[in-house]
Amino acid sequence: MMYDATANLLLTPVDKEAPNRVRRLRRLGIGLQPDLAFDAFADRLAEVTGAPYSMVNFIDENRQFFAGLHTPDDMGAGSELTSTAAMESTAHRYMARDHGYCPHVIVRRKALVLEDVSDYPRFAGNPVVDEIGIRSYLGAPLIDRTGIALGTVCVVDVEPRPWGRAGLETIKAMAAELIEQIHRREDGGI
């Protein structure tokens with residue numbers, strides 16, 4: 001993990017598994033372009049959790065890619081996540097690796113619940129707070145049969161959310177469901 005000596009805050013963690021993850025994702029043929037099945041999964045994830053934003057996120061050495069993305073239909077343009085172009089353009093499905101919380105989930109290999117990011121000084125300073133307005137996060141890793149953490153499923157909100165134990169169990173169950181879909185796809189079942 002890297003630390004900012006001036007602010008003593010935890011920065012984006014070092015990800016030694018990234019090269020293996022990228023090779024695995026390429027073998028699976030995922031993580032480079034939007035995927036209708038992942039978009040549908042993100043839609044369902046948003047519905048199940050009641051969150052306005054949800055993602056199926058794959059992470060390489062430098063950036064994150066939202067292969068599945070759900071944003072509110074009734075929101076106007078103005079941020080990286082709410083722009084109509086973000087839903088239609090592959091370019092707007094990318095985010096820097098040092099933005100957001102999914103890189104922490106990938107390295108920790110455990111779900112992360114942030115009901116109000118401002119309650120956690122090490123996460124409150126993340127660029128997504130000021131640039132996009134994220135106030136709460138709930139995410140879980142997608143760990144496949146090879147033991148590699150391929151990416152994450154996550155939901156975010158611009159308001160604090162009491163995710164609680166139920167939210168944690170839901171996001172973990174949804175991650176397990178999606179990894180099974182990925183395995184079926186690899187086995188030729190989808």
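**Helix 1 packing.** I looked up what the buried residues of helix 1 pack against: strand 3 (53-59), helix 4 (102-108), strand 8 (149-157) and helix 7 (164-186). Contact here means heavy atoms within 4.5 Å, and helices (H or I, at least four residues) and strands (E, at least two) are DSSP runs numbered from the N terminus. This is a predicted model: local features need pLDDT of at least 70, side-chain atom pairs count only at pLDDT 80 or more, and totals for chains, interfaces and linings use all residues. Residues are numbered from 1 along each chain as its sequence is written, and side-chain values use heavy atoms, with hydrogens and water left out.

**Which side?** I checked helix 1 (residues 18-28) and found A18, R21, V22, R24, L25 and L28 buried (under 20% relative accessible area, 1.4 Å probe, protein chains only). They cover an arc of only 165 degrees around the axis, so they sit on the same side of helix 1; the arc is taken from the directions from the helix axis to the C-beta atoms. Just after helix 1, I noted G29 with a positive phi of about 75 degrees.

**Strand 7.** Seven of the eight residues of strand 7 (residues 136-143) are buried, so the rest of the structure largely encloses this strand. I then looked at pairing, which takes at least two DSSP bridges between two strands. Strand 6 (residues 112-114) pairs antiparallel with strand 7 over three bridges, and L114 has Y137 as its bridge partner. Strand 7 and strand 8 also run antiparallel, joined by eight bridges; P141 is partnered by T152. Their hairpin has five residues between the strands, and G147 takes a positive phi near 90 degrees there.

Technical notes. Buried < 20%, exposed > 50% of the residue type's maximum accessible area, 1.4 Å probe, protein only.
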